[in-house]
Amino acid sequence: MCIIKHIIPDRKAMRTMYTKITETIYYAGVYDSNLDLFESQYAVPNGITYNSYIITDDKITVMDTVDARATDEWLKNVEEALGGKEPSYLVISHLEPDHAANIARFAEKYPNAELVGNAKTFAMLPQFFDNDFADRRVVVKDGDELTLGKHTLQFFTAPMVHWPEVMVTYDKTDKVLFSADAFGTFGALDSDGWDSEARRYYINIVGKYGVQVQSLLKKAAALDIEIICPLHGAALKENVEHYIEKYDVWSKYEPEDKGITVAYASIHGNTAEAAKKFAGILKEKGEENVSLFDLSRSDMSAAVAEAFRYDGLVLACATYDGGLFPCMEDFLAHLKSKTYRNRTVALIENGSWGPMAAKHMRTALEQMKNINILDKTVTIKSAVKAGTISDMEEMADELLKTLGR
């Protein structure tokens with residue numbers, strides 16, 4: 001994988017120098033290293049980028065704006081990249097505020113520039129701004145083209161990937177796909193490990209819309225793509241097939257790898273002990289990929305992403321007020337929301353006088369599609385005993401057999 005790296009002279013100021021993607025396409029986005037929660041819920045310890053690109057041609061075109069947090073830095077980048085020239089177009093791929101917050105500022109600064117979007121873009125635009133820019137619109141439909149000079153842009157609608165107005169843009173000249181939020185990641189522009197952060201980003205943000213992503217991939221299959229430029233994360237060059245293949249697997253809700261995620265919700269530590277013991281038993285029996293999450297403390301988005309990654313899931317939960325310990329309830333709600341399916345699940349419950357967790361977990365899982373829940377359940381009454389370990393050994397054998405190990 002080739003990551004197009006960018007100079008970051010001052011992380012605190014969120015300032016990135018504009019740099020080349022191709023000989024005629026420049027990056028003009030901003031890296032925000034100070035944001036703690038993306039969309040007010042996803043931890044971003046390595047920050048987030050708000051990507052914007054500039055195509056230099058007879059008609060200079062800016063691809064998207066950035067979050068309001070980065071307005072001043074972005075405007076400086078754009079001005080520097082333009083070198084005193086005036087842009088002809090601003091292409092609006094996605095109206096979510098982290099990409100579109102500065103449309104009005106751009107329009108004010110460059111009064112002769114036209115705004116390019118689809119009908120849904122312009123229907124939603126007045127919801128965010130007082131001006132509807134009716135006299136400056138260039139409305140495009142699926143498959144429409146726009147000639148800039150040497151560059152020809154082709155637009156493809158991508159509804160619900162992951163908003164209804166989303167579109168992607170293909171530069172037929174440089175063979176670049178401006179992919180909106182698709183293929184994006186958390187983290188910096190020069191970060192490695194695309195698979196991990198792209199998986200966490202995709203599953204938690206786009207994951208509900210697998211059918212729509214499949215539709216977009218079918219459109220992309222007809223294009224000769226050499227570079228993918230998403231609205232978050234690194235521009236992707238070389239081995240483009242790898243990223244498309246990952247999106248194909250994720251959007252079909254298929255397991256990405258063989259492995260088992262053990263997620264537990266423990267009050268006083270006994271359920272945690274059982275979960276850790278069960279993870280150890282799986283490893284002793286030859287399961288190479290076993291991940292363990294304390295749902296009370298782990299990043300929820302990471303736990304959800306890992307559950308989607310593997311073909312097996314083990315849930316261990318204490319009974320709480322006759323139901324589920326809240327973090328497990330939350331975890332199951334996230335799985336359902338992101339259309340978790342096509343997996344095998346085993347259940348461990350704990351309850352000192354009235355174990356009920358397995359019943360409630362099973363009820364929640366039965367609302368999801370094609371979930372194979374093992375009949376055998378391990379029940380703990382307070383603390384792990386010798387009989388508990390024996391039961392876990394048996395359930396581990398059944399789980400591995402069901403998974404074809």
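**Ground rules.** I am working with a predicted model, in which local features need pLDDT of at least 70 and side-chain atom pairs count only at pLDDT 80 or more, while totals for chains, interfaces and linings use all residues. I number residues from 1 along each chain as its sequence is written, and I note that side-chain values use heavy atoms, with hydrogens and water left out.

**Helices α5 and α9.** I took helices (H or I, at least four residues) and strands (E, at least two) as DSSP runs, numbered from the N terminus. I found that the axes of helix α5 (residues 194–206) and helix α9 (residues 300–309) come within 9 Å and cross at roughly 95°; such axes are lines fitted to C-alpha atoms, for helices over the stretch in contact, and angles run from 0 to 180 degrees between N-to-C directions. That makes α5 roughly perpendicular to α9, on a scale where angles under 35 degrees count as roughly parallel, over 145 as roughly antiparallel, 65 to 115 as roughly perpendicular and the rest as oblique. Looking up the contact (heavy atoms within 4.5 Å), I listed Arg199, Arg200, Ile203 and Asn204 from α5, and Ser301, Ala302, Val304, Ala305, Phe308 and Arg309 from α9.

**Helices α8 and α12.** Here I read an angle of about 50° between helix α8 (residues 270–284) and helix α12 (residues 386–402), whose axes are 10 Å apart, and that makes α8 oblique to α12. From α8 I noted Ala274, Lys277, Phe278, Ile281 and Leu282, which meet a set in α12 including Ile389, Met392 and Glu393.

**Strand β14.** Strands pair if DSSP finds at least two bridges between them, and strand β13 (residues 145–147) pairs with β14 in the antiparallel sense over three bridges, with threonine 147 partnered by threonine 152. Four residues lie between the strands of this hairpin, where glycine 149 takes a positive phi near 140°. I also saw five bridges joining β14 to strand β15 (residues 167–171), again antiparallel, with leucine 153 partnered by aspartate 171.
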